[in-house]
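Bring your questions as we go.

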Amino acid sequence: MISPEFIRQTIYYFVKLPLFSLQLRRNQFSALEDISSICPSGPKTEYYHNAIVQACGTHSFLGGRDPERLFGLYNAISAIREADTFIYPFLTNKNLRSFNEFRNIEILSLSYEKGPVLILYAHTGSYYQASAASGVLGYKVYPIAYGTDLTTMEKPFRWLFQLNMSLSERHFSGGSYLYTNTPSFTRSLKKIVAERERAIIYSAIDLPLSFMDRERREVPFLEGKTALPHKLVKMFLRRLLPVVIAFSSVRIIEGKVKRVLHFEKIPDSLQVEEILRYYASRLEDFLRRDPEQFLNLINIGDFYV
């Protein structure tokens, strides 16, 4: 028997989110708060609210933030991230900049000429669309997707997740997701690097400590310490391949919702641990300025050593 909760979630993911994505395309906005007011209420809304209120009361970097405002912004960006699933079928080279903006893209284009580029990325903004948008620009894209057990997801969300991955991957200009929980992951990655393929490897290394806990290096982070995966950085440095930082965010620009992808050059001659510390410092600056953009804000406590 189909439960009322199953029906409610199905309506949210496959009726309310597509309609929400249409509103984002058609309407003019002055600020992200405008989107908060039209954001549909999803199955995790209450959980987000409670987690944000707790984070504001626990973590000093959020001191002075209004928990209700922060929750509204976080919830809106989370909804945009999911609703972007229904934009992929319409994403083309002609309308790409209607949805996206690229900052310091020359850093990527210059690095791309040297072979595969490792992008140290983060789960911020609408990070799925950033990978697809890079592919639409003509870059071959291989985002690293950390192994997810689909059987642990409730079915309506699982369907949305699978649809998101499938539709976004179609824009990767011949690339594909590299799933860490598959036997081919290491083989595929080594082949891309060994052949010096012109490609982008998107690796969001801002992961809670429960992921790959034996393959990390400690770095200062948000008035404490966290630990970040290092093996991929080490692989690229050994082969003198470029490493770049990029952060995605959702902004209101001239009244429209834009998914902004901002690239940053890493200072020359840094070693693995120094690169991780530099990435952590840049991520910290980003989070202090725009904490609502960070997917893992609701479990930020899991990042501390």
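**Reading salt bridges and helix packing**

Q: How many salt bridges does the structure hold?
A: This is a predicted model, and it holds 17 salt bridges. As a general idea, side chains of opposite charge can pair when their charged atoms come close.

Q: Which residue forms a salt bridge with R69, and which helices do the two lie in?
A: The partner is E33, with the closest N and O atoms 2.7 Å apart. R69 sits in helix α4 and E33 in helix α2, so the pair ties together parts that are 36 residues apart in sequence. R69 is partly exposed at 43% relative accessibility, and E33 is partly exposed at 34%.

Q: What about K140 and E197: where do they lie?
A: Their side chains meet in a salt bridge, 2.7 Å from N to O. K140 is in the loop between α7 and β3, and E197 in the loop between α9 and β5, so this pair ties together parts 57 residues apart in sequence.

Q: Is E197 buried or exposed?
A: Buried, because its relative accessibility is 16% and the cut-off is under 20%. K140, at 23%, is partly exposed.

Q: Switching to helices, at what angle do α1 and α4 pack?
A: Two packed helices are described by the angle between their axes and the distance between the axes. Here α1 (residues 4-26) and α4 (residues 67-83) pack at about 100°, with axes 9 Å apart. That makes α1 roughly perpendicular to α4.

Q: Which residues make the contact?
A: From α1, Y12, Y13, L17, F20, S21 and L24; from α4, A79, I80, E82 and A83. By class, that's eight nonpolar, one polar and one charged.

Terms used:
Residues numbered from 1 in each chain as written. Predicted model: local features only at pLDDT ≥ 70, side-chain atom pairs only at ≥ 80, totals over all residues. Heavy atoms only, no water. Axes fitted to C-alpha atoms, helices over the stretch in contact; angles between N-to-C directions. Helix = DSSP H or I, 4+ residues; strand = E, 2+ residues; numbered from the N terminus. Parallel < 35°, antiparallel > 145°, perpendicular 65-115°, else oblique. Contact = heavy atoms within 4.5 Å. Nonpolar A, V, L, I, M, F, W, Y, C, P; charged D, E, K, R; others polar. Salt bridge = Lys/Arg side-chain N within 4 Å of Asp/Glu carboxyl O. Buried < 20%, exposed > 50% of the residue type's maximum accessible area, 1.4 Å probe, protein only.
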